Amino acid sequence: MFDIFGIPSQALFGQLLLGLINGSFYALLSLGLAVIFGMLNIINFTHGAQYMMGAFAAFLLLNNTGIGYWGALVVAPILVGIVGIIIERTMLQWLYKLDHLYGLLLTFGLALIIEGVARNYYGSAGLPYAMPDSLRGGQNLGFMFLPNYRAWVIFASLAICLSTWFVIERTRLGAYLRAATENPTLVRAFGINVPRMITLTYGFGVGLAALAGVMAAPIYNVSPQMGSDLIIVVFAVVVIGGMGSIMGAIVTGFGLGIIEGLTKVFFPEASNTVIFVIMAIVLLIRPAGLFGRRA
Amino acid sequence: MERVDPKVVTDVRRESRSEQIAFLLMVAALIVAPFFIYPLFLMQALCFALFACAFNLLIGYVGLLSFGHALYFGWASYLSAHAAKVWGLPPELAILTGAATAALLGLVAGSLAIRRQGIYFAMITLALAQMMFFFALQAKFTGGEDGIQGVPRGKLFGLVDLTPHTTMYALVVVIFLACFLFIHRVINSPFGEVLKAIRENEPRAISLGYKTDRYKLVAFVLSATLAGIAGGTKAIVFQIASLTDVHWAMSGEVVLMTLVGGLGTVFGPVAGAFVIVAMQNYLNALDQWVTVIQGVIFVVCVLLFRRGIIGEIAHYFKIRL
């Protein structure tokens with residue numbers, strides 16, 4: 001065992017790992033927010049609630065149908081994504097011509113509904129979700145103990161983030177998406193069904209949130225308010241990174257997770273607020289955000 | 001001499017007359033109400049009505065959606081409660097302490113938030129409010145989960161005992177009406193016209209030579225201060241300051257009140273506050289479902305009812321309210 005700045009390395013690396021885990025969720029969620037904002041021009045306040053729905057879907061699948069973690073990883077995002085598509089078709093699509101604020105207000109209302117219903121049926125206390133057997137245990141790396149499940153979460157979210165980046169920035173489908181973000185009317189003139197693309201984008205973004213929820217279920221308990229606490233931090237992450245760039249959202253998410261983890265080691269009182277403080281500093285120095293373009 | 005179209009002049013007069021009549025009706029209702037309705041409920045509704053009016057000053061007249069107004073409301077109520085209980089200040093100074101706190105917080109948060117536009121503005125205000133929520137949770141003087149309890153109502157100017165509901169109610173009505181008239185004055189002043197110009201078209205206002213950031217900041221500080229007066233008054237009335245008032249759910253509630261009543265209408269926030277507070281009081285039995293109902297009201301208002309109650313009435317009778 002050795003010390004770094006008077007802190008045992010075990011504690012330091014342990015918090016760094018936790019920070020990376022939190023960062024994975026920040027990255028996944030802010031990525032989803034950025035993708036949705038790009039196409040719909042709506043800040044999806046329901047994102048936290050949809051993350052929570054993903055975790056609950058995993059919980060219910062396990063307890064009612066016996067579908068385990070790996071199945072839930074596929075089924076839960078699809079189910080929640082379908083709910084998202086229904087929301088987009090029945091409600092959000094009427095708001096595109098209005099001020100952005102109405103999208104925020106509507107999705108905030110939806111978040112209240114989803115969270116309230118969950119709380120009524122499952123109470124405020126967290127429900128435990130068992131870790132899949134195949135990911136139990138861990139590796140001793142010499143300087144720290146690395147639980148397999150945490151390594152998997154970091155690996156999986158990195159893979160998902162990078163493949164989303166690849167699809168949007170490097171493929172033809174992504175090119176259509178980016179073009180439709182810039183100028184939907186022109187893209188429609190080329191015979192591409194932009195409204196359907198918007199719907200599917202929303203479904204995809206919501207699915208990403210649900211996927212993050214499934215991955216979070218074994219680490220944090222499944223609870224109705226797990227999303228609302230997280231989404232406000234993710235908003236700060238998005239303000240810091242700027243929503244203009246996919247890679248920016250990913251880097252900012254992971255980076256802030258690590259900073260938060262380090263703060264827990266060196267100055268625990270500030271660990272809840274450090275991201276907001278960073279947001280304030282970034283606003284002073286680079287008002288458009290680290291990766292943002294000046295609007 | 002510029003010639004003014006007489007028709008325009010009468011229109012303006014008619015418009016302001018509808019507001020005058022509505023104002024007199026409101027004053028009359030507030031005088032009669034305590035004989036029929038439980039005064040504590042009325043005081044609660046009036047504090048929230050003032051809070052919503054303060055919020056509406058930003059969203060309705062500058063077009064800025066602050067999603068963190070609980071910050072000013074809640075922190076003002078903490079400081080007012082602390083000033084009255086620990087420092088032993090009389091109620092009027094306690095409320096002013098709260099208002100000054102809110103003004104200071106509004107100055108800091110506002111100068112950060114106005115650096116970004118539109119949707120980012122809402123997210124920044126929400127994030128800053130959440131940060132201060134954590135401070136309130138950890139700070140010693142706020143009492144954490146317990147809040148500050150047993151705040152004395154004290155004697156107004158050292159003379160009038162505020163312990164009976166009647167005198168307290170009178171003070172709340174006076175504070176509410178004074179702030180209401182002040183807001184009305186602000187939005188109809190040249191300053192208010194500039195704010196509306198910023199709401200309609202900010203680049204154009206800039207090109208006309210207005211330093212829009214400065215106008216937005218002043219409006220933000222005004223709104224925060226008024227929210228602080230509401231929060232401070234609430235702390236004195238209910239003799240408690242707690243975490244509920246700084247939580248993001250409170251920021252959401254004031255948005256809901258204003259939306260239900262009518263964004264950008266003078267009387268809308270008042271009507272909205274009474275509706276929502278009444279709902280919370282009378283539907284208490286439904287307990288947790290109140291949140292769900294609030295969510296449903298949000299969705300219905302945004303999809304079908306964007307003018308709000310007062311906005312619909314004004315639209316129907318083609319008057320200004």
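This is a predicted model: local features need pLDDT of at least 70, side-chain atom pairs count only at pLDDT 80 or more; totals for chains, interfaces and linings use all residues.

Colleague: Let us begin with the two chains. How many residues of chain B are in contact with chain A?

Modeller: In general, the size of an interface is often given as the accessible area lost when the parts come together. Here we count residues instead: 33 residues of chain B are in contact with 33 residues of chain A. On the chain B side, helix 5 (118–138), helix 10 (248–261) and helix 12 (289–304) are the elements that give two or more residues.

Colleague: Which helix of chain B gives the most to that side, and how do its residues divide into nonpolar, polar and charged?

Modeller: Helix 5 of chain B gives the most, with 13 residues. The side of chain B that touches chain A holds 22 nonpolar, nine polar and two charged residues.

Colleague: How is the packing of two helices described?

Modeller: Two packed helices are described by the angle between their axes and the distance between the axes. Take helix 2 of chain B and helix 9 of chain B: their axes come within 8 Å and cross at roughly 170°. Because angles over 145 degrees count as roughly antiparallel, helix 2 of chain B is roughly antiparallel to helix 9 of chain B. Residues of this contact include B:Leu50 and B:Phe51 of helix 2 and B:Leu226 and B:Ile229 of helix 9. The contact of helix 2 with helix 9 of chain B divides into 17 nonpolar residues, two polar and one charged.

Colleague: At what angle do helix 2 and helix 10 of chain B pack?

Modeller: Helix 2 and helix 10 of chain B pack at an angle of about 80°, with their axes 9 Å apart. The two helices are therefore roughly perpendicular. Among the residues that make the contact are B:Phe48 and B:Phe55 of helix 2 and B:Val254 and B:Met257 of helix 10. Seven residues of this contact between helix 2 and helix 10 of chain B are nonpolar, three are polar and none is charged.

Colleague: How do helix 3 and helix 9 of chain B cross?

Modeller: The axes of helix 3 (residues 70–85) and helix 9 (residues 212–238) of chain B come within 7 Å and cross at roughly 45°. That angle makes helix 3 of chain B oblique to helix 9 of chain B. The crossing of these two helices is right-handed. The contact includes B:Gly74 and B:Ala81 of helix 3 and B:Gly228 and B:Gly231 of helix 9. The residues of the contact of helix 3 with helix 9 of chain B divide into ten nonpolar, six polar and one charged.

Colleague: Let us turn to single residues. Is B:Thr163 buried or exposed?

Modeller: B:Thr163 has 11 other C-beta atoms within 10 Å, so this residue is exposed. B:Thr163 is found in the loop between strand 2 (160–161) and helix 6 (165–187) of chain B. By contrast, B:Asp213 lies in helix 9 of chain B and counts as partly exposed because of its 15 C-beta neighbours inside 10 Å.

Colleague: Finally, what is the phi of B:Gln239?

Modeller: Most residues other than glycine have a negative phi. Phi of B:Gln239, however, is near 60°, a positive value. B:Gln239 lies in the loop between helix 9 and helix 10 of chain B and is partly exposed, with 16 other C-beta atoms within 10 Å. B:Lys318 also has a positive phi, near 55°. B:Lys318 is found in the segment after helix 13 (308–317) of chain B and is exposed, with 9 other C-beta atoms within 10 Å.

Definitions and conventions:
Residues are numbered from 1 along each chain as its sequence is written. Chains are lettered from A and ligands numbered from 1 in the order in which they are written. Two residues are in contact if their C-beta atoms, placed from the backbone, lie within 7 Å. Helices (H or I, at least four residues) and strands (E, at least two) are DSSP runs, numbered from the N terminus. Ala, Val, Leu, Ile, Met, Phe, Trp, Tyr, Cys and Pro count as nonpolar, Asp, Glu, Lys and Arg as charged, and the others, Gly among them, as polar. Axes are lines fitted to C-alpha atoms, for helices over the stretch in contact, and angles run from 0 to 180 degrees between N-to-C directions. Angles under 35 degrees count as roughly parallel, over 145 as roughly antiparallel, 65 to 115 as roughly perpendicular and the rest as oblique. A crossing is left-handed if the near helix is turned anticlockwise from the far one by less than a right angle, and right-handed if clockwise. A residue is buried if 20 or more other C-beta atoms lie within 10 Å of its own, exposed if 12 or fewer, and partly exposed in between; C-beta atoms are placed from the backbone.
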